[in-house]
Amino acid sequence: MKSTKATIKRIKAREILDSRGNPTIEVHLELSDGATGIAAVPSGASTGKYEAVELRDEDKCRYNGLGVCKAVSNANDKIAPAIAGMIASEQAKVDQRLIELDGTANKSKLGANAILAVSLATAKAAANSANLPLYRYLGGTSARLLPVPMMNILNGGKHAADSTDIQEFMVVPTAATSFSQALQMGTEIYHSLKKAIKVKGLNTNVGDEGGFAPSLASNKQAIELILAAIDLAGYKAGNDCFIALDPAASSFYNDGKYMLSKDGLTLTSDEMIGYYARWVSSYPIISIEDGLDEDDWSGWVSLTSKLGRKIKLIGDDLYTTNLERLERGISQKASNAILIKLNQVGTLSETLATVKRAQQVGWTVIISHRSGETEDTTIADLAVAVGSGLIKTGAPCRSERVAKYNRLLAIEEELGADARFPGKEALII
């Protein structure tokens with residue numbers, strides 16, 4: 001990070017709406033030199049129980065209890081005076097002050113939503129003060145790797161009622177030689193999927209992340225529809241692009257069993273692993289995220305032992321971008337990749353520390369959005385800053401998703417000949 005001496009002068013937080021029409025928090029932060037930063041915080045539907053606390057008002061007379069006036073007040077009345085005068089470019093010190101001010105292990109006093117909004121607004125203001133784009137400010141001159149998009153084109157689980165048990169079916173355009181080409185490929189497949197769904201006489205409504213959400217007879221049918229869409233778009237599955245899954249297994253795990261209602265199955269952990277193994281053998285699946293419950297550590301170890309040399313096994317709810325949980329995963333060899341969501345941990349500095357540790361041991365890092373998003377494009381810059389090589393930000397549909405893709409197009413154009421794109425290398429085991 002390029003250092004400037006501009007200090008935090010003013011913070012103004014307010015309540016806005018996210019992509020689901022639920023309240024969230026936005027912070028405007030101004031520095032002593034006039035530079036400003038604006039950050040808005042997303043919200044998840046399929047949330048891990050080890051995530052930092054998203055503070056809600058719980059006033060049933062207002063926004064069904066989902067208001068964030070408490071978080072806004074905490075940012076304006078408690079956080080603002082506590083960090084006024086601090087040097088914005090000293091991100092670690094600012095974030096540490098926020099952590100100490102909250103004083104809880106899970107940021108439940110001030111709210112991770114209030115803390116993260118201030119943390120990100122600080123970084124954005126400092127980047128503007130240094131006259132640098134955020135990806136350059138955070139990642140330095142080496143930040144030039146554009147991510148391969150993992151596009152959630154068919155939604156299920158908690159993101160779409162009565163579609164599939166599995167929450168996300170993604171297409172990953174690995175044969176592209178640039179981000180813009182990958183975006184084109186994924187978008188063409190997305191539109192072909194709509195045609196394939198229509199042919200089946202199914203509805204083409206979309207879920208929370210912009211993917212189609214037809215009512216399907218089985219989980220397997222979703223993969224077959226996507227394979228048909230890939231072919232219809234003129235691409236070859238298993239060569240030009242692959243399929244990635246996010247079952248979000250904690251959402252269908254109960255009392256030690258995995259219940260796939262669409263398939264009429266109730267499975268043990270070992271049986272669930274066998275289910276995935278058969279799919280990986282039958283379909284061009286390149287990664288599985290949250291394939292097992294967030295507390296099924298022994299299952300994760302078995303899953304990674306069985307499939308970890310074939311595909312990426314990504315922990316999301318398992319790790320919640322938490323360094324301590326990541327260390328456990330590393331020591332137990334519970335996966336080979338981690339999903340990174342800023343609001344799971346609550347500050348930029350903690351997020352960067354988790355990313356750094358995962359990359360140190362050779363794990364794949366995927367920067368991710370949430371199902372309840374805003375037009376804030378921080379994660380696009382973050383993916384380039386840390387050189388993750390992969391990003392999840394939904395279907396090429398709905399402005400809160402497309403905003404991130406458009407930001408990456410702008411970064412690619414700005415980098416010009418210096419831009420790099422990993423293609424298939426991003427998913428090499």
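**Exercise 1.** Find which residue of β3 stands opposite H28.

*Solution.* Start with the elements. Helices (H or I, at least four residues) and strands (E, at least two) are DSSP runs, numbered from the N terminus. This is a predicted model: local features need pLDDT of at least 70, side-chain atom pairs count only at pLDDT 80 or more, and totals for chains, interfaces and linings use all residues. Residues are numbered from 1 along each chain as its sequence is written, and side-chain values use heavy atoms, with hydrogens and water left out. Now look across to β3: I38 stands opposite H28. Strand β2 (residues 23-31) pairs with β3 over five bridges, in the antiparallel sense. Two strands pair if DSSP finds at least two bridges between them.

**Exercise 2.** Work out the strand order of the sheet, and state why one side of β1 and of β3 is left without a neighbour.

*Solution.* The order is β1-β2-β3. The sheet is open, and its pairing is antiparallel.

**Exercise 3.** Is A40 buried or exposed? List what A40 touches.

*Solution.* Next, take the cut-offs: buried means under 20% relative accessible area, exposed over 50%, partly exposed in between (1.4 Å probe, protein chains only). The relative accessible area of A40 is 8%, so A40 is buried. Not counting residues up to four places away in sequence, A40 touches I16, I25, E26, T374 and D376. Finally, compare sequence with space: A40 and L120 are 80 residues apart in sequence, yet 8.4 Å apart C-alpha to C-alpha.

**Exercise 4.** Describe how α7 and α8 cross, and name the residues that make the contact.

*Solution.* Take helix α7 (residues 269-282) and helix α8 (residues 297-307). Their axes come within 10 Å and cross at roughly 25 degrees. Axes are lines fitted to C-alpha atoms, for helices over the stretch in contact, and angles run from 0 to 180 degrees between N-to-C directions. Angles under 35 degrees count as roughly parallel, so α7 is roughly parallel to α8. From α7, the contact uses S269, I273, Y276, A277 and V280. From α8, it uses G299, S302, L303, K306 and L307.

Terms used. Parallel < 35°, antiparallel > 145°, perpendicular 65-115°, else oblique. Contact = heavy atoms within 4.5 Å.
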